[in-house]
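Thanks for making the time this morning. I would like to walk through one model with you, starting inside one chain and ending where two chains meet.

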Amino acid sequence: MAGLAASFGSGAMTNSIGDLGMADVILVVGSNTTEAHPIIGIELKRAARLGKRIIVVDPRRIRLVDHADQWLQIEAGTNVALLNAMMRVILDEGLADESFIEKRTEGFDGLRTVLAEYAPEIVSEIIGVSAQEIRAAARAYASADAAAIVYCMGVTQHESGTAQVRSLANLAMLTGNMGRPGTGVNPLRGQNNVQGACDMACLPGNLPGYARVDDDADRARFEKAWGTKLSSKCGLTLTEAMDAAADGEVRAMYIMGENPVLSDPDQAHVIEALEKLDFLVVQDLFMTETAALADVVLPGAAFVEKDGTFTNTERRVQRVRAVVPSPGDARSDLRIITEISSVLGYPMSYADPSQVMAEIAEVTPSYGGITYERLDTGGLQWPCLTETHSGTPILHAESFTRGRGVFAPVEYVPPSDTVDGEYPFVLTTGRELWNFHTNTLTERSAGLADLNPVAHVEVNPIDAERLGVCDDDWIEVSSRQGAVSVQVRVSDRPKRGLLFMPFHFRAAPANRLTSTRRDPIAKIPGLKYNSVSVRPCEAPTTDG
Amino acid sequence: MNDTNPIAVQLTIDGEPIQAAPGGTVLDACRAAGIHVPTLCHDPRLEPYGACRLCVVEVEGMRGYPAACTTRVADGMVITTENEVLRGLRRTVVELLLSDHKLDCLTCDNAGACALQDVAYELGVSESPFEGERHRAAALDENPLIDRDYDKCISCGRCVRICEEVQGCSVYSSTFRGFDMLPDTPFSASLLDAGCEFCGQCVSTCPVGALSNRGQRFTGRVWELQSTETTCGYCGVGCTVTFAHKDGVITGASAPLDRGVNRGNLCAKGRYGHGFVAHPDRLTTPLLRRDGKLEPASWDEAIAAVAEGIRGVVEEKGPDAIVGLASAKCTNEENYAFQKMIRAGVGTNNVDHCARL
């Protein structure tokens with residue numbers, strides 16, 4: 001998000017799910033779309049069926065590869081090298097959109113200088129894909145009338161995540177693939193309402209609508225609206241907060257509907273941090289691994305038990321409606337928050353969620369035209385400025401949110417957690433089709449829960465043979481952070497030397513192995529690249 | 001006629017002048033004009049197929065009785081959708097289907113939502129005059145979600161086509177020919193072994209009770225269920241989903257065909273991932289840690305304890321010693337209120353959520 005915001009002025013998906021079908025070429029980078037976003041996966045498969053070209057960039061043979069025109073099985077963590085080489089080919093072969101670059105962008109010369117070092121033949125050595133394949137992908141993307149980029153955590157969850165996103169933005173601008181149907185740079189958001197939580201400023205440096213806490217005018221506007229003084233000091237991100245808690249700087253946490261013990265990197269560190277707190281409040285549906293550490297646990301309501309809105313990955317604000325009542329004394333999170341805030345001395349009184357949306361619309365220009373009444377006839381894509389504005393399916397159509405799009409001279413920097421003799425494998429983590437995030441919901445949904453009940457680590461057949469392991473054998477995966485015993489699934493999906501583990505399972509928590517090494521700008525941990533070692537082991541006698 | 005001509009096509013349907021979009025089918029034109037034509041093998045998510053022959057119509061100047069679902073509109077077409085001949089043809093189709101359909105309507109979960117029931121009722125076919133061999137071929141399949149009862153299959157091909165055309169999985173294909181034809185997996189493998197993704201799209205398109213959701217069995221008759229439309233709470237796609245529920249318990253999920261980013265499609269999580277809502281592990285009362293153990297407490301006690309805990313830390317270490325983690329699973333309204341509480345109520349910008357994970 002930080003990367004796109006720097007390039008374009010807005011960190012959200014530029015285009016819409018529905019217009020992916022209008023692309024002639026779709027470049028899918030670091031997104032296991034059919035498993036993590038299955039309905040967008042359907043759109044991509046439909047496009048392929050209609051003869052559109054799908055180019056997949058992924059170190060794993062994800063299912064989408066079966067529908068792709070081209071698959072670039074790069075070494076994990078080398079996206080920037082590939083993208084720079086593609087741009088070099090585009091420049092060398094005169095495929096750049098000179099007029100777009102001139103009219104709509106700035107900073108191109110800096111990028112041009114950087115690209116000089118990225119001849120496909122040289123990059124081929126780094127990424128493990130031939131120069132010919134790099135050229136073919138570059139030509140396909142650059143010569144299409146409309147080419148879209150879709151990306152996900154395989155791009156952002158690297159220490160160089162921001163650089164990788166900026167590199168994708170560079171590629172789109174270089175070829176003028178922006179602002180039209182079937183183009184754009186499209187990050188897929190993993191959770192139902194990540195986009196909305198960001199828009200609502202559950203971010204340490206922002207106020208709703210991406211106003212800045214350190215901008216005096218922005219802050220003054222919210223101080224007036226909220227009737228109180230606000231801090232101008234940027235807060236801590238989640239991973240920084242864990243560090244600060246471990247150091248004793250942060251003493252209390254209020255965690256609503258998250259399970260950082262399983263979802264955050266370096267589990268031992270997270271547990272240490274949470275245990276060190278003087279006071280921990282967890283609000284959730286279940287006694288999660290995190291809730292078990294709390295001083296107060298508050299039972300919240302599931303999404304089918306309350307009214308409200310979610311904002312999806314394409315910036316579409318949509319209604320959420322109560323289907324069934326909550327069990328027992330569980331309460332909607334909104335009611336819990338407003339009551340606690342009132343007891344804290346900052347009264348909040350909303351008769352119902354639509355009144356909160358009315359306030360959101362008042363203080364957040366991009367949500368200015370959104371009302372529950374309008375949402376009853378369908379979702380609205382922000383920016384939706386007024387009650388007569390019909391929403392914005394495509395961002396940056398005439399000009400970028402920040403005026404001119406800005407090229408970033410991005411160099412390829414190898415991950416710092418490099419493999420060595422002691423830790424010779426790369427571990428990458430991700431999601432599987434039938435489980436979601438920390439499995440809290442999916443493992444408690446009968447039927448679905450039975451499809452993929454235990455963790456497996458995917459091991460390439462050549463590596464499996466060398467290790468002398470086959471399906472369902474146990475191996476111990478160790479990193480500098482910790483060790484996990486997990487069963488093997490021999491699979492030709494990961495490249496040789498690469499292991500894949502889902503992070504869904506508490507009995508084999510992948511995040512016990514990951515580190516908190518993170519991108520310096522977006523503060524996203526490099527979960528997709530961890531050097532590890534493996535050795536065959538006995539089945540553990542007890543879980544976890 | 002040029003298919004790309006944006007100018008509407010002029011038709012006459014049942015004596016009425018009708019304008020239709022060029023390039024569409026006669027069935028599309030009828031449905032757009034609100035004219036009922038019965039179908040069994042049609043699903044707007046799929047390419048036209050023309051298997052069931054229920055949508056036969058008469059078109060002046062065309063031989064025979066073309067299927068409305070596979071006939072493209074052309075300017076000046078004169079179409080008849082309803083007369084004794086067409087009714088007779090449709091009756092025969094339904095009679096043939098009923099001659100080899102397990103009439104399990106008393107306990108079939110699809111009763112009341114069954115397209116075959118509807119057309120039989122519409123055409124007044126209460127039993128089949130045809131006798132002969134009947135299928136006895138229930139698939140043995142020990143998967144936890146999808147039940148296949150081939151004795152009810154009407155060979156419309158919708159499951160085969162949705163799996164291939166929409167999901168790109170091709171788990172099913174039409175095996176054998178003639179009377180023996182069945183939509184089946186390769187070598188009749190279980191769905192688990194056949195590479196099924198368990199999206200349940202085949203169940204969603206099955207017009208009868210041949211494919212059904214195991215978890216929904218005996219949870220309520222169609223007419224007893226209420227339905228509520230909302231937005232799915234799993235990934236960021238934001239599918240429109242309609243939950244069926246009875247007595248405060250969700251029994252199933254489906255998606256409307258004509259709206260939402262998903263247009264009738266759902267994935268395994270969206271369709272089958274709602275069991276957690278009524279799971280006995282749900283927290284139903286606030287808990288307070290007393291003597292090292294979490295014990296049930298009232299809301300008043302819990303809220304007082306939260307306020308006291310936060311105030312204590314603020315007084316001792318200042319507001320920046322407090323961190324609030326909001327949730328990408330919660331609504332905009334809840335997240336807005338949460339960060340407002342942390343910023344305005346506590347006085348710190350230490351608020352974040354799991355966007356990066």
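Which residues does A:Leu168 touch, not counting residues up to four places away in sequence? Bearing in mind that this is a predicted model, A:Leu168 touches A:Val29, A:Leu83, A:Ile149, A:Tyr151, A:Val155 and A:Val185. A:Leu168 also belongs to the largest nonpolar core, which holds 266 residues, and it is listed with A:Ile26, A:Val28, A:Leu82 and A:Met86 as the members that touch the most other members. The element that gives the most to this core is helix 4 of chain A, residues 79-92, with nine residues.

Strand 12 of chain A, residues 308-311, runs antiparallel to strand 13, residues 316-320, and four bridges join the two, with A:Thr309 standing opposite A:Arg319. From strand 12 of chain A, A:Gly308 and A:Phe310 point one way while A:Thr309 and A:Thr311 point the other way, yet all of them are buried. Four residues lie between the strands of this hairpin, where A:Arg315 takes a positive phi near 70 degrees.

Finally, the contact between the chains. Here 117 residues of chain A are in contact with 98 residues of chain B, and the largest share of the chain A side, eight residues, comes from helix 16, residues 333-343. By class, that side of chain A has 69 nonpolar, 28 polar and 20 charged residues.

Terms used: Residues numbered from 1 in each chain as written. Chains lettered and ligands numbered in written order. Predicted model: local features only at pLDDT ≥ 70, side-chain atom pairs only at ≥ 80, totals over all residues. Contact = placed C-beta atoms within 7 Å. Nonpolar A, V, L, I, M, F, W, Y, C, P; charged D, E, K, R; others polar. Core = buried A, V, L, I, M, F, W, Y, C linked by C-beta atoms within 7 Å. Buried ≥ 20, exposed ≤ 12 C-beta atoms within 10 Å, placed from the backbone. Pairing = 2+ DSSP bridges.
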